[in-house]
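Keep the sequence at hand as you read.

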Amino acid sequence: MLVSLQEMLQEAEKKNFAIASINTPNQISLRAVIQAAEDTNMPVTINHAQTEEDVVPIEIAVPLMLEYARKSTAPISVHVDHGYDFDHCMKAVRLGCTSIMHDNSRFSLRENIERTRRFVDIVHPLGIGVEAELGAMPNNMPSEVHGQETSDLSDLSVYFTNPNEAEIFCRESGCDVLTVSFGTVHGMYAGEPNLDIELVKKIRAKAGNVALGMHGGSGTPFNQIQAAIDAGIRKINYFTAIDTAPAPYLAKTISEATNPVNFCHLANQAMEIIYEKTVEILTVFKNEKKF
């Protein structure tokens, strides 16, 4: 069923779990993620990122995502991840997305607030949830695409969100989710993950009614993920580990094949692997078992 992000956040806060926010840039991923949500009885936000426009345009992706979400027995919201420019975000509004991340984190605190507030004022009356970001999310996915440049990962603390700035941002921007930086990395970690859970607690204490989001979940030890949830994280983006999981198995299938390999068989194998990885992480996000 198609539900709002705001409804999901209320339930997550009440039951102390985190909503999985997973990119589904193709129908294989889309089917696998929604099936995993149904089988684990967990709400999921399915994402289309602006940086995935060269993979599938939003005009193709979102209508398909909405169709699958409406038919699902699990609570599903349809979300735009890292919408960097206003026009793209407004396109998502017109297509029917239930929530949108309008990412203005590259701007100053004041401009970030003003741009986010302007967008909130437009879409909140339509029931659309808004995610924002404060602090910088370091990146380890080499690319020339804007927002995916490789970051200097030698000292992740330089990217951390300031709790006092977070308080101002939450009070003035009107956003529903504030994604904060506290030691995670987009892509995969270069070293041993070490999340600053105490920082999350400090930000949570100042955030008021705004939920906290975490990006860069892939590669984070499960016990640290659950510690972050206990500290107040309510939405977690998790994609790279899921999206890259099928490749080694598909390569093995192809290399060991004695006959031509049908793509449909590879697609089914990939879908099964994505499903299994999604079930695994949804179980972690449910936060019932402490790893």
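The expected span of a helix is 1.5 Å times one less than its number of residues. Helices (H or I, at least four residues) and strands (E, at least two) are DSSP runs, numbered from the N terminus. This is a predicted model, where local features need pLDDT of at least 70, side-chain atom pairs count only at pLDDT 80 or more, and totals for chains, interfaces and linings use all residues. Residues are numbered from 1 along each chain as its sequence is written, and side-chain values use heavy atoms, with hydrogens and water left out.

Start with helix α5, residues 109–123. Its 15 residues should span 21 Å, and its end C-alpha atoms are 21 Å apart, which agrees. Buried means under 20% relative accessible area, exposed over 50%, partly exposed in between (1.4 Å probe, protein chains only). In α5, Asn112, Ile113, Thr116, Phe119, Val120 and Val123 are buried. Seen down the helix axis, the buried residues of α5 fall within an arc of 140°, so they line one face. The arc is that of the directions from the helix axis to the C-beta atoms. Among the elements covering them are α4 (86–95) and β5 (129–134). Contact here means heavy atoms within 4.5 Å.

Now turn to Ala32. This residue sits in helix α2 (residues 27–40). Ala32 is buried, at a relative accessible area of 2%. Leaving out residues up to four places away in sequence, Ala32 touches Met271, Ile274 and Tyr275. Ala92 lies 60 residues from Ala32 along the chain, and their C-alpha atoms are separated by 23 Å.

Ala92 also belongs to a helix contact: in α4, His88, Lys91, Ala92 and Leu95 meet Ile58, Glu59, Val62, Pro63 and Leu66 of α3.
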